[in-house]
Amino acid sequence: MKEQGLLMKGVGSFYEVLTESGRLATCKARGSFRREGMVPTVGDRVVIDIKEQGYAQLDEILPRKNLLVRPPVANVDQLLIVISASVPEPDWLLLDRLIIAAKRIGIEPVPVLNKIDTSNDEIQKVFTEDYHAFRILTVSAKTGEGLAGLKQCLSGKITCFAGQSAVGKSSLLNALIPELHLETGELSRKTERGRHTTRHAELWPFENGMVLDTPGFSMFETDCLEQDALNACYPEFQNAGPCRFPGCMHITEPDCGVKPLLETGGITKARYERYCQIALEYKTRRKHRYD
Ligand SMILES: Nc1nc2c(ncn2[C@@H]2O[C@H](COP(=O)(O)OP(=O)(O)O)[C@@H](O)[C@H]2O)c(=O)[nH]1
Ligand SMILES: [Mg+2]
Ligand SMILES: [Zn+2]
């Protein structure tokens, strides 16, 4: 009997699939995937063939909407990018890079400022101003502040939690789903052990959606991005006027439609300055590619 389902986790060569009828089936992948260069991945929509005696085979991987590589997970709807309001200090440039990494493959980024119980108002002000063009959340895993909004945001979607180590990703998930019992800890302890405490990718059902903790902060695409594609990663630019030059980088060019946004508050100075740094990096990469 064939049934569709969602690949929740992989353990060795076995996969756990939550089927549409709500049962959890342990499957082996059919042998030919390997030859085809296909790797069943957490988040995949799959077709399984349920045989006798509880044995099921993963027969087909349905087309993916997107694929994150580090950690490997498919069909992600949104990326919650968690930063800490105190320790570790917010790494705004990392946040901007993760926003780009998500947007360019069609994943909605949601910046989340955690540990607001420990922060000064200044950090919250910077956060809300710099990211005014995004759906943002300010929360505390410790006091529970903002968790109702977080829960709402996760409803019905596949959400991946990302961000530097020790910002509180696992703590937030534990606060929402107490039975998860994810390991949490101080940054110093983690660095000492030289590894992160979250080991493998696994989806957890929550509020008609799925959540996934991630082991680290990576997931960078270090390859090239055309200027048009980079523009599309900045919601602030969508209200800009036209630029005189095609391919305008909005840095030194005359008659640029983006730069007036700095005067009108369409983009903050800090976000714009980080944008310039990122845009110049992409320019350098494009140049090396064509050389
Ligand atoms: N004060 C405070 N501490 C927090 C909060 N969230 C997490 N922490 C602490 O930050 C540390 C790292 O949390 P953890 O969830 O392991 O971070 P992860 O590496 O991003 O998963 C732990 O010691 C947590 O107790 C919060 O909202 N407020
Ligand atoms: Mg963690
Ligand atoms: Zn311009």
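1. The area buried between domain 2 and domain 3 is about 1,300 Å², and carbon and sulfur atoms give 59% of this. Buried area here is the accessible area (1.4 Å probe) that two parts lose on being put together, summed over both. Please keep in mind that this is a predicted model, where local features need pLDDT of at least 70 and side-chain atom pairs count only at pLDDT 80 or more, while totals for chains, interfaces and linings use all residues. Residues are numbered from 1 along each chain as its sequence is written, chains are lettered from A and ligands numbered from 1 in the order in which they are written, and side-chain values use heavy atoms, with hydrogens and water left out.

2. For orientation, the chain is assigned domain 1 (2–63), domain 2 (68–212) and domain 3 (227–290); such bounds come from an automatic or database domain assignment. Between domain 2 and domain 3, the C-alpha centres lie 27 Å apart. Their contact (heavy atoms within 4.5 Å) takes 14 residues from domain 2 and 17 residues from domain 3.

3. What holds charge against charge here? Four salt bridges are counted between domain 2 and domain 3, each being a side-chain nitrogen of Lys or Arg within 4 Å of a carboxyl oxygen of Asp or Glu. Arg274 pairs with Asp130 in a salt bridge whose closest N and O atoms are 3.1 Å apart.

4. On the side of domain 2 that touches domain 3, α2 (92–103) and α3 (121–130) each supply at least two residues. Helix α2 gives the most, with seven residues. Helices (H or I, at least four residues) and strands (E, at least two) are DSSP runs, numbered from the N terminus. By class, this side of domain 2 has seven nonpolar, one polar and six charged residues. Nonpolar covers Ala, Val, Leu, Ile, Met, Phe, Trp, Tyr, Cys and Pro, charged covers Asp, Glu, Lys and Arg, and the others, Gly among them, are polar.

5. Do look at the salt-bridge network that links Asp96, Asp130, Glu236, Arg271 and Arg274. Within it, Arg271 and Glu236 meet at 2.9 Å, N to O. Arg271 sits in helix α9 and Glu236 in the loop between α7 (227–232) and α8 (261–264), 35 residues apart. Arg271 counts as buried at 0% relative accessibility, and Glu236 is buried at 2%. Buried means under 20% relative accessible area, exposed over 50%, and partly exposed in between (1.4 Å probe, protein chains only).

6. Which residue does Lys2 pair with in a salt bridge? The partner is Asp59, with the closest N and O atoms 2.7 Å apart. Lys2 lies in strand β1 (residues 2–11) and Asp59 in strand β5, 57 residues apart. Lys2 is exposed at 54%, whereas Asp59 is buried at 11%. Asp59 also has a side-chain polar contact of 2.7 Å with Gln57.

Note on methods: Polar contact = N/O pair within 3.5 Å; in protein donor to acceptor, adjacent residues only side chain to side chain.
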